[in-house]
Amino acid sequence: MRRTISLLLLLACACGEEEPEPGEELSGGSTTVHDTTRNAFTLAARNLQGERRDAFFVGNALFNRNWVTAPSSTEGLDGLGPIFNAPSCAGCHFKDGRGKPPTEPDEKPLSLLFRLSIPGQDAHGGPVGDATYGGQLQPQAILGVPAEGQVALTHTPREGRYADGTAYTLEEPHYTLVDLAFGPAHPELMMSPRVAPAMVGLGLLEAIPDSALEALADPDDKNGDGISGRINHVWDVEHGEARVGRFGWKANQPSLRQQNAGAFRGDIGITSELFPEEECTPAQQVCREAPSGGAPELDAHKLEQLTFYTRMLAVPARRDVDAPEVLRGRRLFRELDCAACHVPRFETGTVPDAPELSKQVIFPYTDLLLHDMGPELADDRPDYEATGREWRTPPLWGIGLVETVNRHTRFLHDGRARSLEEAILWHGGEAERSRERFRNLSATDRAALLRFLESL
């Protein structure tokens with residue numbers, strides 16, 4: 001199926017490569033907004049109306065609200081921590097955009113978290129957290145409770161050169177746990193740094209039918225194109241069954257509701273009906289005895305409000321879709337086989353409680369599948385069926401506005417790439433052939449490809 005799609009794309013290029021597809025500028029279909037300001041990622045779906053639009057803004061307030069230590073007079077909004085990464089959702093997803101890694105040795109990772117696990121699987125096939133530090137490092141804590149620890153950062157330069165002789169330098173990051181409050185972690189601890197992704201279009205990604213993803217998957221590479229694509233089957237806590245994973249850097253969450261509830265507990269220390277236990281391990285006694293904001297701290301209504309908000313965040317429209325250099329880059333994107341994983345086009349299914357998201361032709365540039373990205377990007381930490389070398393193809397819509405919204409251009413799962421160009425150069429594994437084709441392009445064609453990406 002993947003080869004068929006690639007051939008169709010090439011045929012489309014051959015027949016009319018100078019013309020964008022009708023409606024291609026509307027990345028999120030009828031939800032698309034036309035805004036190129038710093039608020040481009042913060043807006044409600046354009047087709048959201050009436051009371052449902054009001055509900056979006058209620059969720060927006062909850063997303064940006066700082067949680068406080070319990071007990072407090074702010075009923076229903078206390079219970080921060082006891083250990084945490086940030087006091088609010090917006091603390092990591094500033095303006096609903098991308099996080100970034102620290103850039104200086106003594107800078108704290110404010111929107112970069114670290115997943116922790118040890119060898120083995122839990123009862124549902126998921127990773128097993130460290131006995132002392134759990135499944136995620138929390139570098140902050142409320143007053144009187146020890147934070148778990150910090151991270152130290154170093155870089156190794158990696159020199160490279162394009163076929164035309166132009167030199168470049170990549171920076172390989174290395175993170176080490178330091179100042180651990182409860183002694184050494186497990187000797188075989190596995191650690192995976194991951195930046196906060198942009199929030200736009202998540203409801204549309206959730207509305208893509210499983211069958212569409214299954215049609216693209218080719219786990220055994222039966223068509224021999226060197227690209228597999230696997231679904232990560234993960235545990236659905238609410239329904240008690242394995243489902244298709246589609247959210248998170250390794251597609252380790254099946255739904256936005258579970259993604260949000262997991263982030264509330266892991267990142268802010270707020271429990272919910274899906275995850276009623278605090279992150280404190282048995283080794284962290286003071287943490288376990290700290291005051292709670294309720295049982296759970298986030299009630300079901302607020303979780304629904306927050307989930308509705310994250311489903312209805314709009315996707316910004318593309319810019320300059322018919323500019324000659326953008327069209328040239330669009331053609332190169334397909335010729336280099338980038339579109340084999342960053343699949344441009346889907347149609348969403350019918351979502352009973354969300355007509356705004358239903359039957360939309362969208363252009364997310366992802367297949368939501370796992371791909372081997374090679375040893376250079378490997379975190380060597382399995383996550384359900386994802387191996388230590390596999391990552392989910394991230395959507396590219398909105399990527400050209402990251403600098404405007406977040407004032408940085410850091411990309412990939414840990415933000416190591418300092419530009420879109422570096423992000424391509426880090427690609428390996430199944431994407432190595434595409435990377436090498438990029439390295440062999442002329443400077444003019446490289447610029448055109450990057451110009452296309454900036455239009456998304």
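Predicted model: local features only at pLDDT ≥ 70, side-chain atom pairs only at ≥ 80, totals over all residues.

Visitor: Let's pick Phe438. What does Phe438 touch?
Guide: Leaving out residues up to four places away in sequence, Phe438 touches Tyr162, Leu336, Glu421, Ile424, Leu425, Arg446 and Leu449.

Visitor: And which residues are buried in helix α11?
Guide: Helix α11 covers residues 432–439, and Ser434, Arg435, Phe438 and Arg439 are buried there. Looking down the axis of α11, the buried residues fall within an arc of 145°, so they line one face of the helix.

Visitor: What do those buried residues of α11 pack against?
Guide: They pack against strands β5 (150–161) and β6 (167–178), plus helices α10 (420–426) and α12.

Visitor: You mentioned Arg446 and Tyr162. Where does Arg446 lie relative to Tyr162?
Guide: Arg446 lies over the face of Tyr162, 3.6 Å from the ring centre. Elsewhere, the charged end of Arg416 sits over the ring of Trp426, at 4.5 Å from its centre.

Visitor: Switching to rings, how many aromatic pairs are there in the whole structure?
Guide: A search turns up 11 aromatic pairs. One of them is Phe333 with Phe452, a tilted pair at 5.2 Å centre to centre with 55° between the planes. This pair links distant parts of the chain: Phe333 is in helix α8 (residues 324–335) and Phe452 in helix α12 (residues 443–455), 119 residues apart.

Visitor: Is Phe333 buried or exposed? What about Phe452, buried or exposed?
Guide: Phe333 is buried, with a relative accessible area of 2%. Phe452 counts as buried too, at 0%.

Visitor: Which residues form an aromatic cluster?
Guide: Phe56, Phe57, Phe63 and Tyr309 form one.

Visitor: Last topic, strands! What's the order in the open sheet of three strands?
Guide: The order is β3-β2-β7, with antiparallel pairing. β3 (127–128) and β7 (190–195) are at the edges with a single partner strand each, so one side of each has no neighbour in the sheet.

Visitor: How many bridges join β2 to β3?
Guide: Two bridges join them. Ile118 stands opposite Val128 in β3.

Technical notes: Residues numbered from 1 in each chain as written. Heavy atoms only, no water. Pairing = 2+ DSSP bridges. Helix = DSSP H or I, 4+ residues; strand = E, 2+ residues; numbered from the N terminus. Contact = heavy atoms within 4.5 Å. Phe/Tyr/Trp six-rings, centres within 6.5 Å; stacked < 30°, edge-to-face > 60°. Buried < 20%, exposed > 50% of the residue type's maximum accessible area, 1.4 Å probe, protein only. Lys NZ or Arg CZ within 6 Å of the ring centre and 35° of its normal. Arc of directions from axis to C-beta.
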